[in-house]
Amino acid sequence: MSVLVYTESEQGKFKKAALEVASYAKAVATQMGTTVTAVTFNTSDASELGKYGVDKVLNIANAENFDAKVYADAIKQAAEKEAAKVIVVSSTADSKYLAPLLAVGLNAGYATNVVEAPVSTSPFAVKRTAFTNKAFNITEINTDVKIVGLSSNAFGLVENSGAAAVEEFSPSLATSNIAVQSVDKATDKVSIADADIVVSGGRGLKGPENWGMIEELAEVLGAATACSKPVSDLGWRPHSEHVGQTGKPVASNLYIAVGISGAIQHLAGVNASKVKVVINSDPEAPFFKAADYGVVGDAFEVVPQLIEKLKEFKAQNA
Amino acid sequence: MKILVCISHVPDTTSKINFTEDDTKFDANGVQFVINPNDEFGLTRAMWFKEKQGASVDVVNVGGAETEPTLRKALAIGADTAIRVNTAATDGFAVAKQLTKVVQDGGYDLVIAGRESIDYNGGMVPGMLAALTDANFVNNCIGLDIEGANATVTREIDGGKETVSTTLPLIVGGQKGLVEESDLRIPNMRGIMMARKKPLTVVDPVDATAETASVKFEKPAPKGAVKLVAADNLDELVSLLHNEAKVI
């Protein structure tokens, strides 16, 4: 009856989203008076999960690299073994890829983009975003087994005292007809999905050669870099950096927009960020209406100064 | 190659989002509906397969008669025939079950569905449809090439991209990148005229219950006014972010 949570890791290290879904699963388990079981793949040390409220870990070591079908089927078997009624997954690309397959496998109702602990557990109702962050929707899941997809950075990390007991689990593996040919991924950079802070540049930066200061600002803040749609359309930055309605969604703690006017499609994709700072030379830019803090000024003067001020701040607060 | 493109009928991005009936229903009054942007990228890619590789392209929507103008628009862009499953789209799982029948009856080799609709943002229909029809599935698809029964598909992953090889039948969750924004087509007059004569078949729904139910909508609390900081006083911005917003 425990709450099952899929905690993703990469090269042995749990993703921030994994610790967040573990925290969330603990809150659901407390509401329901039960425990939390995490499913991990190929982790040698799962003790960190205990800190976020996980009681038990089923570690699957017989499945190799990520494959949505194989992983979904393995998680299904873990859910059946634990007789789990609630399964929590994150909003990473891989979790969103496998969760619909898992839902069919378990005949489970699935609610995505959930932003808080369940409104009630009987009936099981959750609050989720809809209309690309322009509204919230209270959704009831009416199946015996329920899957909750938690929005990134919506619940936060909540520490608990606990020791996760690790058990090896070897499900039978589904066969997959998908073979990875190549992966193109910047490993030295913070990904937008995992970032607490995102620094984003728009057409106001005039050209790709001016991105040095955006990257420097991001580096000072430990942030991910992103861009607006026109910038990705013009090929100044890779498509993987495009945030907005048709790009990646952003739900960071801090979103800094430089030279982005704030088209409605852009705002829809970044509105879930908690604090938004806008730097733009045009005081009429619509983004100022959606921002928490704004600086009206030339990005080429403001950003280098801001980098210096942040370096001073970091030096004082190190 | 037989291609099916799933078309969601959604409010235009610039629409004001309001609710009626005690905040339980979306208020469609005065709202302009469009092809879901993520589906439009897929439709345009399907047109490429039609023109370069001789594929046939059908489009499908699960919804009431009010969605037909959106299907006609897809026909005007170049799809050959349209299918409307005559039932309200209640939740993603129910829509996937309806589409399963269409996919099985039509014997499609490739199904392209947007990674998510911009209204309910469920993001589950392509994956569920793949699981229900036992097809290969790649989500967040930003590149798709097909040669015979073999497909090379690129998907967006967190922080990069991954290219995989697989075979037909295949279902992909499409998005921008399948084609670029500049490649999207606006129906021309000839397309619009031809679309009127193309078949739009209405089929009866299968018996499928929704597994989730929308209970109520809420609008986000109105945002306070922006705090402006002078461009020559960035110490204040750093201080606000640290002391007030507590984000650095």
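Strand E18 (residues 293-296) of chain A and strand E15 (residues 227-229) of chain B run parallel and are joined by three bridges; strands count as paired when DSSP finds at least two bridges between them. Within this pairing, Gly294(A) has Leu228(B) of E15(B) as its bridge partner. The model is a predicted one, in which local features need pLDDT of at least 70 and side-chain atom pairs count only at pLDDT 80 or more, while totals for chains, interfaces and linings use all residues. Residues are numbered from 1 along each chain as its sequence is written, and chains are lettered from A and ligands numbered from 1 in the order in which they are written.

Turning to the interface as a whole, 74 residues of chain A are in contact with 67 residues of chain B (C-beta atoms, placed from the backbone, within 7 Å). On the chain A side, helix H4 (residues 93-106) gives the most, with eight residues; helices are DSSP runs of H or I with at least four residues, strands are runs of E with at least two, and both are numbered from the N terminus.

Chain B itself has six helices and 15 strands. Of its 248 residues, 50% are buried, that is, with 20 or more other C-beta atoms within 10 Å of their own, against 12 or fewer for exposed residues and in between for partly exposed ones, with C-beta atoms placed from the backbone.

Back in chain A, Asp298(A) is found in the loop between E18 and helix H9 (299-317). Asp298(A) is partly exposed because 14 other C-beta atoms lie within 10 Å.

Note on methods: Two residues are in contact if their C-beta atoms, placed from the backbone, lie within 7 Å.
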